[in-house]
Amino acid sequence: MVGAFPVLARIGDVSRFGDADADVGQLRHRMAIDRFGPSLREDLSPSVRWGCLQSAADLAAAAVESPDDVARVVTVARLAAALGQRAIALEWLEAAIQVVTAGKGRLSEPFLPACPRFDQVVPGPTLEPWMMACLLEQREKLAAFSSYFVREAPQTKATLETIAGLGFQSPEMARRLALVSRR
């Protein structure tokens, strides 16, 4: 796969990470994040960008060794969503939500937030509320094609209220909560 996309050969060089103690999963995870960057570059051709994104997703999924590796799991969810693999992204999001809720998650590595909006949101003094809001918002966005289809579901209102209570509510989630509350 690397040979098919010349840019990947340059950015996929494992030696540039320089951590001799890193295991294979850590290296794959770091390479996945490294390959995600070029997928956003508008100066690259669509085929190269797609190749970078697909390669990043494949590496990220291969890097997950345990569901407790929240950093890796949320990265896979983000990349699956970016590829349009909504059902797969939702599975990874559910796994991450369960681990974070249980307090078993490990966040000892860099990661891509599950929800792209959170790239720009400062976590604050503790990471858990930020992470939970990120996961819940992305799940809410991907769970149905429109909030209209889940308006009667009690968990929708509860999720939106939880996001608001965590202090990281976006205007979009505030509107959804207002609409669901009116029904």
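Visitor: Which elements does the chain contain, and in what order do they run?
Guide: This is a predicted model. The chain has eight helices and zero strands. Read from the N terminus, the order of elements is therefore α-α-α-α-α-α-α-α.

Visitor: What percentage of the residues in the chain is buried?
Guide: A residue counts as buried when its relative accessible area is under 20%. The chain has 183 residues, and the buried share of them is 45%.

Visitor: Among contacts between residues at least 6 apart in sequence, what percentage joins residues at least 24 apart?
Guide: Contact here means heavy atoms within 4.5 Å. Among contacts in the chain between residues at least 6 apart in sequence, those that join residues at least 24 apart make up 59%.

Visitor: Are H3 and H4 roughly parallel or roughly antiparallel to each other?
Guide: Helix H3 covers residues 46–63 and helix H4 covers residues 70–82; their axes lie 9 Å apart, at an angle of about 150 degrees. Angles over 145 degrees count as roughly antiparallel. The crossing of H3 and H4 is left-handed. The two helices H3 and H4 are therefore roughly antiparallel.

Visitor: How many residues of the contact of H3 with H4 are nonpolar?
Guide: From H3 come Leu-53, Ala-56, Ala-57, Ala-60, Ala-61 and Ala-63, and they meet Arg-72, Thr-75, Val-76, Leu-79 and Ala-82 in H4. In the contact of H3 with H4, one residue is polar and one is charged, while the number of nonpolar residues is nine.

Visitor: What is the handedness of the crossing of H2 and H4?
Guide: H2 and H4 pack with their axes 11 Å apart and at an angle of about 35 degrees. The crossing of H2 and H4 is left-handed.

Visitor: Which residues of H4 make the contact with H2?
Guide: On the H2 side, the contact is made by Gly-25, Gln-26, His-29, Ile-33 and Phe-36. By class, the contact of H2 with H4 comprises four nonpolar, four polar and two charged residues. The H4 residues in this contact are Ala-71, Arg-72, Thr-75, Arg-78 and Leu-79.

Visitor: How are H5 and H6 oriented, roughly parallel or roughly antiparallel?
Guide: The axes of H5 and H6 are 10 Å apart and meet at an angle of about 150 degrees. The crossing of H5 and H6 is left-handed. Since the angle is over 145 degrees, H5 and H6 are roughly antiparallel.

Visitor: How many charged residues does the contact of H5 with H6 have?
Guide: Residues of H5, including Leu-90, Leu-93, Glu-94 and Ile-97, meet residues of H6, including Met-131, Leu-135, Arg-139 and Leu-142. In the contact of H5 with H6, 12 residues are nonpolar and two are polar, and the number that are charged is three.

Visitor: Is the aromatic pair of Phe-118 and Trp-130 stacked or edge-to-face?
Guide: Phe-118 lies in the loop between helix H5 (86–102) and helix H6 (127–143), and Trp-130 lies in helix H6, so the pair ties together parts that are 12 residues apart in sequence. Both Phe-118 and Trp-130 are buried. Their ring centres are 5.6 Å apart, with 80 degrees between the planes, and the pair is edge-to-face.

Visitor: What type of pair do Phe-118 and Phe-168 form?
Guide: Phe-168 lies in the loop between helix H7 (154–166) and helix H8 (171–182), 50 residues from Phe-118. Both Phe-118 and Phe-168 are buried. The ring centres of Phe-118 and Phe-168 are 6.4 Å apart and the planes are at 50 degrees, so the pair is tilted.

Visitor: Which residues form the aromatic cluster?
Guide: The count of aromatic pairs comes to three. One aromatic cluster is formed by Phe-111, Phe-118, Trp-130 and Phe-168.

Visitor: Is Leu-44 buried or exposed?
Guide: Leu-44 is located in the loop between helix H2 (24–36) and H3. Setting aside residues up to four places away in sequence, Leu-44 touches Pro-38 and Arg-49. Its relative accessibility is 17%, under the cut-off of 20%, so Leu-44 counts as buried.

Visitor: What distance separates the C-alpha atoms of Gly-105 and Asp-69?
Guide: Gly-105 lies in the loop between H5 and H6 and is partly exposed, with a relative accessible area of 36%. Not counting residues up to four places away in sequence, Gly-105 touches Asp-68, Val-70 and Val-99. Gly-105 and Asp-69 are 36 residues apart along the chain, and their C-alpha atoms are separated by 6.1 Å.

Notes. Residues numbered from 1 in each chain as written. Predicted model: local features only at pLDDT ≥ 70, side-chain atom pairs only at ≥ 80, totals over all residues. Heavy atoms only, no water. Axes fitted to C-alpha atoms, helices over the stretch in contact; angles between N-to-C directions. Helix = DSSP H or I, 4+ residues; strand = E, 2+ residues; numbered from the N terminus. Parallel < 35°, antiparallel > 145°, perpendicular 65-115°, else oblique. Left-handed = near helix turned anticlockwise from the far one by under 90°. Nonpolar A, V, L, I, M, F, W, Y, C, P; charged D, E, K, R; others polar. Buried < 20%, exposed > 50% of the residue type's maximum accessible area, 1.4 Å probe, protein only. Phe/Tyr/Trp six-rings, centres within 6.5 Å; stacked < 30°, edge-to-face > 60°.
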